[in-house]
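Please look over the structure below before reading on. The briefing that follows takes it topic by topic.

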Amino acid sequence: MRVPIEWLREYVDVPAGATGLQVAADLVKIGLEEEAIHGGGITGPLVVGRVLTKEPEEQKNGKVINWCSVDVGDANGTGEPQGIVCGAHNFDAGDTVVVALPGAVLPGGFAISARKTYGHLSAGMICAADELGLPDDGSHGIILLQQRLGVEASDLTPGQDALPLLGLDRETVEVNVTPDRGYCFSIRGVAREYGHSTGARFTDPVLDLNSRAPEANASGYPVRVDDDAPLRGNIGCDRYVARIVRGVDPAAPVPAWLSQAVTEAGMRSISLPVDITNYVMLGLGQPLHAFDLATLGEEIVVRRARAGEKITTLDDVERTLFAEDLLITDGGERPLAIAGVMGGAESEVSDTTSDILIEAAHFDPVSIARSARRHRLSREASKRFERGVDPAIAAAAAQLAVDLLVEYGGGRVDDGVTDLDTVVPAAPIAFDPQQPTRLVGVAYTDDEVEATLTAVGCVVERVEGTRWNVTAPSWRPDLTTGPDLVEEVARLRGYDQIPSVLARPVAGRGLTASQRYRRTVANALAAQGLSEIISLPFVSDELHTKLRYGADDTRRSTVRLSNPLSDEAPLLRTSVLSTMLESLKRNIARGFKDVGLFELGLVVAGPAGTAPTERVGVHPTPEVLAAIRDAVPAQPRHVAWVMTGDGERKGWWGAGRSSDWSDAVATALGIGRVLGVQLEVAQADVAPFHPGRCAQIMLPDGSVIGHAGELHPKVLTTLGLPPRVVGGELDLDALSAFAERTGVAEPIATYPQAHSDVALVVDSGVTAAVVEDALHRGGGENLESLALFDIYEGEQVGEGKKSLAYRLFFRSPERTLTTEEVNVARDAAVREVDKAVGASLRGA
């Protein structure tokens, strides 16, 4: 909203000499943020010039420039015409223009000097509107002063100072109006706020206008509201004022003060009727619309549009209307305007109009906002209506428009007055006067709170004790609750009065154990060289099939979304790994061959149940809330990783090594290690992994929490991924819960360790995990650990056999073990393996 300071002075006592920066600073105090300061930024000679000659000259590059002789009076000190080069073409000899002479500085620090260009010495510049920081007047080029100011050539003298003519010696403050402060989309609203900030006396022009506005009578123009499809229960139009002025001359010149006021406020001066309606809207905040009375029938009906109905709007565009659009119609049939958005071309005021009907109405904000967005028509009127216009000023706004049309357009006003008023008064707000102190942290007295709310325009009724009834003013539809009133108290008493209190951390409110574990795991995987990603948690049954999930696989049982982002992925994932593979494919397609990714995310464990529903506005009972929670499926957090390409890159140090199943398993064990859990591994056959290169990952208590290994070749082919992709997935919540259990610290051993090697021959189908489990059972309490260091299959062990070589480590916490004790324990371990799988010592 642009607020000319001179116009602001008509509503509030702004000190003489107050600059734009000072006014902006005062408005910032009460929450109106400054956007820019316009005007007052031009220094040096900016004068009126009359073009004497204009000689077009075509340049070598095909561009045509004009070599002009311009009369600038005595402004150049010589009285001689100035020679000026100009590239614009929208003016001719005899036109009165604005000339910046050498020494002038235009907005943006653009200094004007005499310089040689296009073979001429150009002593100045003929100015366009944008070069002076002014809105375009429709000329789209050089400012033509006679047309812009609506004056005769004899009223302008060459050499005359152009700054006051264009209002460039006056400053305009542009403020940012937030959606909840729609009343500040007017000089009236900003003036009120300036008075709150500075204590300056505010004079509300609406009071005088309302006192002069006649009451509605039976001879007013017939208006009827027929809204059979209200939004949110709100009638689309709850007030409609209509006044008629006859014998208006629409071509009457626009007074200079009116044109200047509208222009400084950021709008283009068009004609007397249009400028008057814009002036009233900018000043009071009430949008108006002027109809050519001769084009109207016997009655105006405000109704909703019919599906497929059309209207040609003022911009000469035929628009198809929607059923929720609110219309102003002629007798309920012919659409005259999209209410609050744009008028129709058929009822537009033209050069032949003599009788004008002025409409000042109040429309439902939601209805106007939806229509403006549907038709992509963000207009000055719709901006105000959708933020809430004061319904109490319709009659005053119409009266001001009527007064101006009579005074400057030569019209005469009809005695008939239409004022259809069904506005529902604002309901009182139950308010505790101590609430501002509690919420803001400043000790406000009851008298201070009452005085502040009264200054805002509220009516305060002290009922009893700590309970007040506060009624918001008509121009503040945003005040509906106690906290809204608290904000007003804090704003007007001064944000600078609110103390800055540094937040003090309270013990026990840091990260939870689960959050710490997640960060630990993410840091460990990142340190390993994997990159963290976030993939969309949406999948399809087709993806489950590509991953080779069986028909009875529980991972196919999930939640189907009612309104998915994509019909191709309507299900919530049951595996993080399943959604990561698309990210892996995308990275490979972009040229990344050695890729390692990981993700921590939620999955759905099972389908959703049936949840009960309650009526809107009714708080569910504890039983209903419990049933709703029970219907929500479990959503554990998983961690998944996937790798392809070289896990160890080649270089001067030697050949590289491709990632294989062992890297995937090692990653799983590493995750357990950083959380202090010794995970166990066993062979498994689970989709989407290769059946011979898949490991199930277990907690020490035997609970399976995930799998790792190489993905099945058919899965990779179906998904378009390269061979030998490896990965894994763990239930991080289950792992974290186990890690959170209280552990027992093991004492540090002080006695030496002894070791003994054994090579066991077993059937080829026996897994190393079974052999290791038997060795642990048979080795006794002094078997500290063991390590597989060799696997052999060949003629020396026979067909269908393999040799597993282990190093067994023994240690006693009480004494040094003898060689005989170590041998006895080793032999016991071998016998246990023989008992379990029929093993024999190699070479025995």
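## Briefing on selected sites

Ala396 sits in helix H11, which spans residues 394–409. The model is predicted.

**Ala396 and its surroundings**

- Ala396 has a relative accessible area of 0%, so the residue is buried.
- Which residues does Ala396 contact, leaving aside its neighbours within four places in sequence? They are Val206, Leu209, Asn210 and Leu284.
- Leu209 also features in a distance: its C-alpha atom and that of Ala396 are separated by 4.9 Å. Along the chain, Ala396 and Leu209 are 187 residues apart.

**Arg181**

- Arg181 is placed in the loop between strand S12 (172–176) and helix H5.
- Is Arg181 buried or exposed? Its relative accessible area is 6%; the cut-off for buried is under 20%, so Arg181 counts as buried.
- Apart from neighbours within four places in sequence, Arg181 is in contact with Ile30, Gly31, Leu32, Glu193, Arg476 and Arg491.
- Asp446 is 265 residues from Arg181 along the chain. The C-alpha atoms of the two are separated by 25 Å.

**Helices H2 and H5**

- Helix H2 covers residues 20–29, and helix H5 covers residues 187–198.
- The two helices pack at an angle of about 80°, with axes 8 Å apart.
- Angles of 65 to 115 degrees count as roughly perpendicular, and H2 and H5 therefore fall in that class.
- On the H2 side, the contact is made by Val23, Asp26, Leu27 and Lys29. On the H5 side, Val190, Tyr194, Ser197 and Thr198 make the contact.
- By type, the residues of this H2–H5 contact are four nonpolar, two polar and two charged.

**Aromatic pairs and cluster**

- How many aromatic pairs does the structure hold? There are six.
- One of them joins Phe363 and Phe385.
- Phe363 and Phe385 are both buried.
- Trp652 and Trp653 form a pair with ring centres 5.6 Å apart. Their planes are at 75°, so the pair counts as edge-to-face.
- Trp652 and Trp653 are both exposed.
- One aromatic cluster is formed by Trp7, Trp257, Tyr279 and Tyr408.

**Arginines over rings**

- Which ring does Arg192 lie over? Arg192 lies over the face of Trp475, at 3.9 Å from the ring centre.
- Arg807 lies over the face of Phe789, at 5.7 Å from the ring centre.

**Backbone details in loops**

- The peptide bond from Ala687 to Pro688 is cis, with omega near 10°.
- Pro688 lies in the loop between strand S34 (680–683) and strand S35 (689–698).
- Arg376 is not a glycine, but its phi is positive, near 55°.
- The loop that holds Arg376 runs between helix H9 (365–374) and H10.
- Arg376 has a relative accessibility of 78%, so the residue counts as exposed.
- Arg548 is not a glycine either, and its phi is positive, about 65°.
- Arg548 is found in the loop between helix H16 (541–546) and strand S29 (571–572).
- Its relative accessibility is 41%, so Arg548 counts as partly exposed.

**Glu799**

- Where is Glu799 placed? Glu799 is in the loop between strand S39 (783–792) and strand S40 (801–810).
- The relative accessible area of Glu799 is 83%, so the residue is exposed.
- Glu799 and Ser764 are 35 residues apart along the chain, and their C-alpha atoms are separated by 8.8 Å.

Technical notes: Residues numbered from 1 in each chain as written. Predicted model: local features only at pLDDT ≥ 70, side-chain atom pairs only at ≥ 80, totals over all residues. Heavy atoms only, no water. Axes fitted to C-alpha atoms, helices over the stretch in contact; angles between N-to-C directions. Helix = DSSP H or I, 4+ residues; strand = E, 2+ residues; numbered from the N terminus. Parallel < 35°, antiparallel > 145°, perpendicular 65-115°, else oblique. Contact = heavy atoms within 4.5 Å. Nonpolar A, V, L, I, M, F, W, Y, C, P; charged D, E, K, R; others polar. Phe/Tyr/Trp six-rings, centres within 6.5 Å; stacked < 30°, edge-to-face > 60°. Buried < 20%, exposed > 50% of the residue type's maximum accessible area, 1.4 Å probe, protein only. Lys NZ or Arg CZ within 6 Å of the ring centre and 35° of its normal.
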